[in-house]
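Here are some friendly notes to read alongside the structure. Please keep the view open and follow the points in order.

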Amino acid sequence: MKQIDVAHSKLNELQATSICGNDISSSCLYVSALTIAYAGQYAWISLLIVALVLFLFRKIYGEVVGALPLNGGAYNVLLNTASKRTASFAACLTILSYMATAVISAYEAMFYFHDIVHNLPLIPATIMILGIFMMLAIIGIGESAVVAVIIFITHLASLSLLVLTCCWFLFNNGLSVFQANWHLPVTSGGLMMALFLGFSAAMLGISGFESSANFVEEQKEGVFPKTLKNMWRVVSFFNPVIALLALSIIPMAAINDHRESLLSFMGQTAGGGWLSYLISVDAVLVLSGAVLTSYVGVTGLAERITLDRILPNFFLAKNRRGVNYRIVIGFFLLCVSILLVTKGNLANLAGVYTFSFLLVMALFGVGNLLLKAKRSKLPRMENAPVISVVVAIVFIIAAFLGNMELNILSFYVFIKYLIPAMLFIVLMLNRARVIKYLIYSITHLKEPLRKFILSNVRLHRALVTVKSQELVFFTRGDNVSILNRVMIYVEDNESTKRLKIVHIANEDSNNDSLKKDIEVLDRAYPEIDIDFVEIEGTFGPKIIDELSKKWGIPKNFMFIGSPSNKFPYHVSELGGVRLIM
């Protein structure tokens, strides 16, 4: 496949923060109302606990992406520390979370737009906006950094104006509403239960925190940890403050009646119609920006896992503008289906996203622990203490269980999408074995029926195609036990059975023992076609690029062992070469 390299400048701090910030800050529009529904007058405390959890994940993400600064988020770290199956599970969850966040954002955008156009039918309008962004994505209009900055600054200015207006309203009207709300009985079974359920619902407020890790390669050096800090600052301030102000100016019953457009109603109460209108317009813009981010993010991730042969090559087809239009259309259809299944129920939509998002966060924490254990020598800018990683994972598990308690129906919707998706991915990962079973089964059918179903010739061609992709492992002259682990990895994780073992050394190197080890492996693994290649030179990005072009093998099918801190190159400079040992 011909690859076209397009030179472009990398994103600075404001641009990168704006792109991922539009996603996470859009949750400010609905997470306060969701949290108040379960934690009541203590919602702001639950949101502060969420800010603490997010603070722990700042270092977790910082360490992982600092060591493996490649696009892909949880999929990338698990692909380089665990198995391809585990990474595929993370990719499946990430796609599901993108799907749910696109639907939530589009539905909420139309709900706020409903305050402007009162006769707007919500579900058809939501499908319409999903379709509009599908068409924009297909014709190649992606996430523009300039537009993202404008939306982000406008959104922060609107939220700041709302906060200041509500504070002025309190200054003039006192705290009588807050006092009335504060003395209401807790409806969630006691203070601790209210805080726990509120915390579980409030975890939706950090949705989008993982977005920056999905485009880290597009950011300038040193920008990624700053984006994490900036996102943490935004949600740690606005989410608790908005919840506290809502409880201070609006009676609890009215908050529950205006759950889907609480901020607009706050603007109406504190400032009048002009502020309500401004918040509604801002909500439509920032939530639409989150929909576009979902399309862009899922397209990149789906293309990556398709190149890794987890999804069929069918999805790699591109239009004249270089867009994977089949991925975009498939994503649109999935979004519409989940919208129709949930019938636009915000709690169910939020629950579906929360379950997938929480699992992705937990898997990222697990990936951090695996990175410490298996890739301890990789250089990294930050180092999250093991105890803080464990605590963060425990919080995530608690939030997951809490959301099951809050809305078990949305968990069932989540499972309905997760199981078929995982079954499809399991079939794709084991498609060579599946084709073999089909060939075996068809050979035992009667002749007329065998021809009617599928010819053995086609199945054999499909099997050859699956197994034809070559893999490359760059060895430093490792002993036979390490090479044996490479063979086990290939057997367990790859459909192909062709492996080039490449040793790059100077002319004085003696490879006799390495050759003998490979002969042993060749006899031990007769199903894997091993090709030993010796090359004079120095291992690095240049020789990887040359061999990739010469052999026609993508770099994501090239493997190395985990380099030490003395390795002269960073992993990000190797073009996507995977770490498997």
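1. A word on terms: helices here are DSSP runs of H or I with at least four residues, numbered from the N terminus. With that in hand, you can find helix 12, which is followed by Gly272, a residue whose phi is positive, near 110°. Please bear in mind that this is a predicted model.

2. Now the overall view. The protein chain contains 23 helices and five strands. Its radius of gyration is 26 Å, close to the 25 Å that the globule rule gives for 581 residues, so the chain is as compact as a globular protein of that length. Along the principal axes, the C-alpha trace spans about 85 × 65 × 45 Å.

3. How much of the chain is buried? Of the 581 residues, 55% count as buried. The chain exposes about 25,300 Å², and carbon and sulfur atoms supply 63% of that area. Among contacts between residues at least 6 apart in sequence, 80% join residues at least 24 apart.

4. On to the interior. In soluble globular proteins, nonpolar side chains tend to be buried together. Here the largest nonpolar core has 187 residues, and those with the most contacts inside it are Phe57, Tyr61, Met203, Met266, Tyr295, Phe474 and Leu499. Helix 5 (residues 84-114) gives the most to this core, with 19 residues.

5. Helix 5 deserves a look of its own. From its first C-alpha to its last, this helix of 31 residues reaches 44 Å, close to the 45 Å expected at 1.5 Å a residue. Because 26 of its 31 residues are buried, helix 5 is largely enclosed by the rest of the structure.

6. Back to helix 12 (residues 262-270), where Leu262, Leu263, Ser264, Met266, Gly267 and Ala270 are buried. What covers these residues includes helix 2, helix 5, helix 7, helix 10, helix 11 and helix 13. Leaving aside neighbours within four places in sequence, Met266 is in contact with Leu162, Cys166, Ile242, Leu245, Ala246, Ile249, Ile250 and Gly271.

7. Next comes Asp282, whose place is in helix 13 (residues 273-307). Is Asp282 buried or exposed? Its relative accessibility is 3%, under the 20% cut-off, so Asp282 counts as buried. Apart from neighbours within four places in sequence, its contacts are Thr154, His155 and Ser158. Gly205 is 77 residues from Asp282 along the chain, and their C-alpha atoms are separated by 18 Å.

8. Which residues of helix 22 are buried? They are Leu514, Asp517, Ile518 and Leu521. These residues cover an arc of only 100° around the axis, which puts them on the same side of helix 22. An α-helix has 3.6 residues a turn, so residues three or four places apart point the same way.

9. What lies around helix 22? The cover over its buried residues includes strand 1 (470-475), helix 21 (480-493), strand 2 (498-505) and strand 3 (529-536). The face turned away from the buried side carries the exposed residues Lys516 and Arg523.

10. Finally, Lys515 also lies in helix 22. With 34% relative accessibility, Lys515 counts as partly exposed. Setting aside neighbours within four places in sequence, Lys515 is in contact with Phe532 and Glu534. Lys515 and Glu534 are 19 residues apart in sequence and 10 Å apart in space, C-alpha to C-alpha.

Key: Residues numbered from 1 in each chain as written. Predicted model: local features only at pLDDT ≥ 70, side-chain atom pairs only at ≥ 80, totals over all residues. Heavy atoms only, no water. Buried < 20%, exposed > 50% of the residue type's maximum accessible area, 1.4 Å probe, protein only. Helix = DSSP H or I, 4+ residues; strand = E, 2+ residues; numbered from the N terminus. Arc of directions from axis to C-beta. Contact = heavy atoms within 4.5 Å. Rg over C-alpha atoms; globule rule 2.2 N^0.38 Å. Areas by Shrake-Rupley, 256 points an atom, 1.4 Å probe, with all protein chains shown as cover. Core = buried A, V, L, I, M, F, W, Y, C linked by side-chain atoms within 4.5 Å. Expected span 1.5 Å × (residues − 1).
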